[in-house]
Every structure is written in structure tokens, then in C-alpha cells.
Amino acid sequence: MTRFTLIALALLPLFTLQAEDRPPVAPDPAQLTFDLAPDGTVSRNGQPLAEKALADLLAATPKEVPVLIRAADGANASRLQALARETGHRASLAALPQIKPGKPLDNAHPPLDILLQADGYIAIGSETFTPEGLQSRLISMTADGALQPVRLRAQPETPANQIAMITDLLRTIGLTDIAIIAEGAAQPAPIVVDIAFDGIISIAGKAFEIPALTTYLQGAVQGNPGQNVVISAHGNTRVQNVLNVINACKGVGIADVRLKPGAAQ
């Protein structure tokens with residue numbers, strides 16, 4: 001083994017350590033865009049960033065690259081703005097897209113309905129996609145140059161940064177006529193009130209007197225204003241027993257009260 005080889009082997013751990021200690025190499029974009037959620041979560045391209053990863057990215061990006069912070073309603077961007085300035089970047093602030101009631105679209109082409117699910121997947125009709133799969137599907141759909149309007153339907157739990165990421169994706173493909181529509185919350189399951197032959201009232205096997213039933217229904221309405229009730233009464237119970245339950249429902253504001261057909265005889 002030569003003297004040169006021994007020197008090279010001795011210096012190898014030093015070079016290895018220096019390589020491991022280097023900050024990650026950042027891409028050289030025209031602009032760094034971050035989405036800021038109301039709880040303070042920062043994400044980029046739909047991926048949440050820990051504070052250290054965020055600081056490393058800013059430090060490794062050339063200072064002349066500006067930073068755009070898209071903040072959701074109620075988010076405090078001061079910490080992120082300060083971090084950008086500390087690393088020498090010029091930071092500007094913009095608002096994340098808000099979910100608004102959709103308006104009918106006046107366009108010769110029928111709108112394309114895209115559903116953003118709360119679990120992160122995206123659906124077009126019966127097909128489900130990841131964001132990458134959606135991009136490929138839309139590129140193939142618009143290959144003939146036909147650009148139709150888009151109705152972007154978001155479930156109530158859909159994060160604002162996911163909505164922003166998909167709207168950005170649509171615009172890069174050329175789909176700029178976008179209506180963001182909030183999907184209504186799921187209708188609550190009906191409360192089934194059983195009335196036995198002797199007038200005993202029960203819900204899921206638990207017996208209630210009218211005052212206790214009224215309290216129970218009032219709590220249900222507070223949690224779900226659209227709550228409805230189905231009354232399943234024994235065919236030979238007194239009509240007054242049924243009326244008592246109907247009056248309890250109406251007394252707490254439940255207008256949708258139905259009698260179950262074919263109740264037990």
C-alpha cells in the first residue's frame with residue numbers, strides 16, 4: 001500500500017462527515033410558495049413541513065428567490081414572515097382560496113365535477129385519484145384542446161392547503177374556470193322512537209318518559225339542526241301515545257317526523 005493511499009484512507013472519514021453535515025440542496029425555483037393553515041401548519045406542494053425542514057429549505061435557497069406565504073383565514077403569518085426575513089428572503093402575503101357557494105357556470109361545455117375527499121383522495125365520478133393521478137387524467141382529457149369549466153367540490157373536513165394545491169394543478173393544465181363549492185355535511189341518521197302497545201317509549205332499547213325524551217331530543221337537535229325522527233309505533237297502541245312523541249319532537253324544533261310504515265303489530 002502506497003503512502004498516498006494511506007493518506008487518502010485517513011482523510012476519508014473527514015470528507016464523509018463534511019458531506020453529511022451539508023444542508024440539503026434546495027431547488028432553484030422562481031418563487032418559494034408556502035401554505036399556512038389556521039393551526040400554524042406550514043406546507044409546500046401539499047406536504048407539511050417541520051420547522052427545522054422549513055428553516056433548512058429557506059437557508060439553502062438563494063436569497064434572491066422571493067417567498068410567497070398563502071395564509072388561510074385566521075392564520076398568523078408573522079413567525080413565517082420573520083423566518084423568511086432572517087434568511088434574507090423577501091416575503092409577501094396572500095390569501096388561500098376560500099370555499100364559497102358555487103354559482104351556475106355559463107359555458108358551452110358542461111362542467112367537470114371534481115370531489116376533494118377529506119382523506120386526501122380526489123374523485124371524478126366513480127374514479128378515485130391521487131393528485132399525481134388526477135394530473136395525468138386531466139392532461140389526457142384536455143389533449144384535444146377542449147377546456148371545460150370545473151366545479152371543485154370540497155367536503156367540510158378538506159384542508160384549505162389541499163384545495164389550494166388542486167386549484168394550482170388545474171391552472172397549470174389550463175383549466176382556469178374554477179368554481180369552489182362546499183359540499184353539505186352528511187345528513188344525520190334518523191332517531192327511531194319505538195312505542196310499545198302499552199305506551200312505553202324507547203330508543204335503541206332504552207325507555208324514556210316524555211320529559212326525558214324531550215331532553216334527549218333537544219340535545220340531538222343542538223348537535224345536528226337537521227335531525228329527523230322516525231316513530232315506530234305498535235299497531236294497537238293508543239293514538240295519544242304517538243301524538244305525545246310528535247309534540248315532544250315539534251317542541252324542540254324537529255319538523256321532520258315520520259311514522260314508520262308496517263310497525264310491529
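User: Contact means heavy atoms within 4.5 Å, so which residues of α4 meet α5?

Analyst: In this predicted model, local features need pLDDT of at least 70 and side-chain atom pairs pLDDT 80 or more, while totals for chains, interfaces and linings use all residues. Residues are numbered from 1 along each chain as its sequence is written, and side-chain values use heavy atoms, leaving out hydrogens and water. On the α4 side you'll find Pro131, Leu134, Gln135, Leu138 and Ile139. Their partners in α5 are Met165, Ile166, Leu169, Leu170, Thr172 and Ile173.

User: Nice! How many residues of that contact are nonpolar, polar or charged?

Analyst: The contact of α4 with α5 has 9 nonpolar residues, 2 polar ones and no charged ones. Nonpolar covers Ala, Val, Leu, Ile, Met, Phe, Trp, Tyr, Cys and Pro; Asp, Glu, Lys and Arg are charged; the others, Gly among them, are polar.

User: What about α2 and α3, which residues meet there?

Analyst: From α2 come Glu51, Leu54, Ala55 and Leu58. They meet Arg79, Leu80, Leu83 and Ala84 in α3. This contact of α2 with α3 divides into 6 nonpolar residues, no polar ones and 2 charged ones.

User: Zooming out, how many helices and strands does the protein chain have?

Analyst: The protein chain has 7 helices and 15 strands (DSSP runs: H or I of at least four residues, E of at least two).

User: And what share of the residues is buried?

Analyst: Of the chain's 265 residues, 35% are buried (under 20% relative accessible area, 1.4 Å probe).

User: Last one: what share of the contacts comes from residues 24 or more positions apart?

Analyst: Counting contacts with a separation of 6 or more, such residues account for 72% in the protein chain.

Note on methods: Contact = heavy atoms within 4.5 Å. Buried < 20%, exposed > 50% of the residue type's maximum accessible area, 1.4 Å probe, protein only.
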